[in-house]
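Here are my notes for a colleague who is opening this entry for the first time. Please keep the structure in view while reading the points in order.

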Amino acid sequence: MTEREWIRRAQGGDAEAFAALVRLHQAGVYGLCLRMTGRREDALDLTSEAFLRAYRSLAGFDVTQPFRPWLLRIAANLCRDHLRARQQHPAPVEDAVLADLPDPAPSPPGQVLAAHDRAAVRQAVAELPEPYRTTVTLHYFNQLSYQEISEALNIPVGTVGTHLYRAKRLLRQRLVEQEVATWTPTGAGTT
Amino acid sequence: MDANGCGDDLTLDLFRMGLLGEAEAEAVRSHVQKCPTCQARLGALDLEDLRLEAALALTPEEADVLMAADLPGRLAAQVSGGRSGAWALAAGLVGLGVAAAAGLQGAVLPWLQSSPMAGWMRAGHWVPQLASRLLRWVRSLLWSRPEPQLDVLFPLLAAGLVIILFNLRRRRRRLSPFHH
């Protein structure tokens, strides 16, 4: 059975079809929530709530449209509300401020991220301002295209590109700072 | 674009994603073909993407947590329960409406008096006496109003209040299944 058929049946109130949709998309939604909040329990709660909201709104969903970006949009909005309510992260930095950040000279693209382990990269992503973190996660974890992210977040495609570009610039900068902070004079390099 | 004609990282990123205009994309393409520096930068950007994808992917432990939560089963049960709850609410509201209409039309009190409970009521038990007094009081209150539309308005307001209280209660009671 195709995803579209599951959606149609779930629209008619079929709980089994809804369960099939959850099974199909739970990893994507959970991963987004986890990378956005950094807490497993919160991520499970938000995943659960995202699917329930999707179910309640399913009657108005156009089955000719892609389901995944629509679902991820619901999840991303929930994560934003959650973070805003808990104020777990610093207020989003204005784009204009971020645009003025200089590129660190010794960090050409690729080299810094390549040199770091998964934990360091995740930590740096978790510290990104919210709009950048959302865009990075939707692109690199959920594999959404620029166009799909644009539709999911209701921002222009060019803004998606700018967000990703600036996010990566910030990531390089933070990873360089981490490398400097953890560098040891024994020659062992980074931790 | 610098003195060598190399575009900035954003331009290269947009070029990789096919988001540049046709003319600009063609200019970047022809430049990259003869510029080893830009070829290396494009390769580095691709590598960076792969690193980010690998870093953000779910680990087996994270996936295990998700599987253990059994979201499909829990959520399917919840939406099934929600549907039966909605039916119960609808049935309750219909019953409430019927009861309100019957009470307003004076059907309840005569029915009670003619029922087997009538003897119990006459025996002076405080519960039926209180209920009877309340019913009489509500009826006198409603019938004494000059506007007949209030006869409909009061039960509607009462039903609305019940719905609001019911939803508030449900909202408060909706505890997270994952927080202990």
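1. Start with the contact between the chains. Chain A puts in 42 residues and chain B puts in 37 residues. This is a predicted model, and the note should be read with that in mind.

2. Which elements of chain A each supply at least two residues of the side that touches chain B? They are α2 (15-37), α3 (40-57), α6 (111-115), α7 (118-126), α8 (130-141) and α10 (157-182). The biggest giver is α2(A), with 12 residues. By class, this side of chain A holds 23 nonpolar, 10 polar and 9 charged residues.

3. Stay with α2(A). Is this helix straight or bent at A:His25? There is a bend of about 55° at A:His25. The span also deserves a look.

4. The surroundings of α2(A) come next. Of its 23 residues, 19 are buried, so the helix is largely enclosed by the rest of the structure. A residue counts as buried here if 20 or more other C-beta atoms lie within 10 Å of its own. After the helix comes A:Gly38, with a positive phi near 80°.

5. Now take one helix pair across the contact. Two packed helices are described by the angle between their axes and the distance between the axes. For α7(A) and α3(B), residues 36-56 of chain B, the axes come within 9 Å. They cross at roughly 90°. The two helices are therefore roughly perpendicular to each other.

6. Which residues meet in this pair? From α7(A) come A:Arg118, A:Val121, A:Arg122 and A:Val125. From α3(B) come B:Arg51, B:Leu52, B:Ala54, B:Ala55 and B:Leu56. The contact of α7(A) with α3(B) has 6 nonpolar and 3 charged residues, and no polar ones.

7. An α-helix has 3.6 residues a turn, so residues three or four places apart point the same way.

8. On chain B, look at α1, residues 9-16. Its buried residues are B:Leu12, B:Asp13, B:Leu14 and B:Phe15. Following α1(B) is B:Gly18, whose phi is positive, near 70°.

9. Before α1 of chain B, find B:Gly5 in the preceding segment. How many other C-beta atoms lie within 10 Å of B:Gly5? There are 13, so B:Gly5 is partly exposed. B:Gly5 and B:Val28 are 23 residues apart in sequence. In space, they are 8.8 Å apart, C-alpha to C-alpha.

10. Now the overall makeup of chain A. It has 10 helices and 0 strands. Buried residues come to 43% of its 191 residues. Among contacts in chain A with a separation of 6 or more, 68% join residues 24 or more positions apart.

11. Among contacts in chain B with a separation of 6 or more, 56% are between residues 24 or more positions apart.

Definitions and conventions:
Residues numbered from 1 in each chain as written. Chains lettered and ligands numbered in written order. Predicted model: local features only at pLDDT ≥ 70, side-chain atom pairs only at ≥ 80, totals over all residues. Contact = placed C-beta atoms within 7 Å. Helix = DSSP H or I, 4+ residues; strand = E, 2+ residues; numbered from the N terminus. Nonpolar A, V, L, I, M, F, W, Y, C, P; charged D, E, K, R; others polar. Bend = angle between axes of the 7 residues up to and from the residue. Buried ≥ 20, exposed ≤ 12 C-beta atoms within 10 Å, placed from the backbone. Axes fitted to C-alpha atoms, helices over the stretch in contact; angles between N-to-C directions. Parallel < 35°, antiparallel > 145°, perpendicular 65-115°, else oblique.
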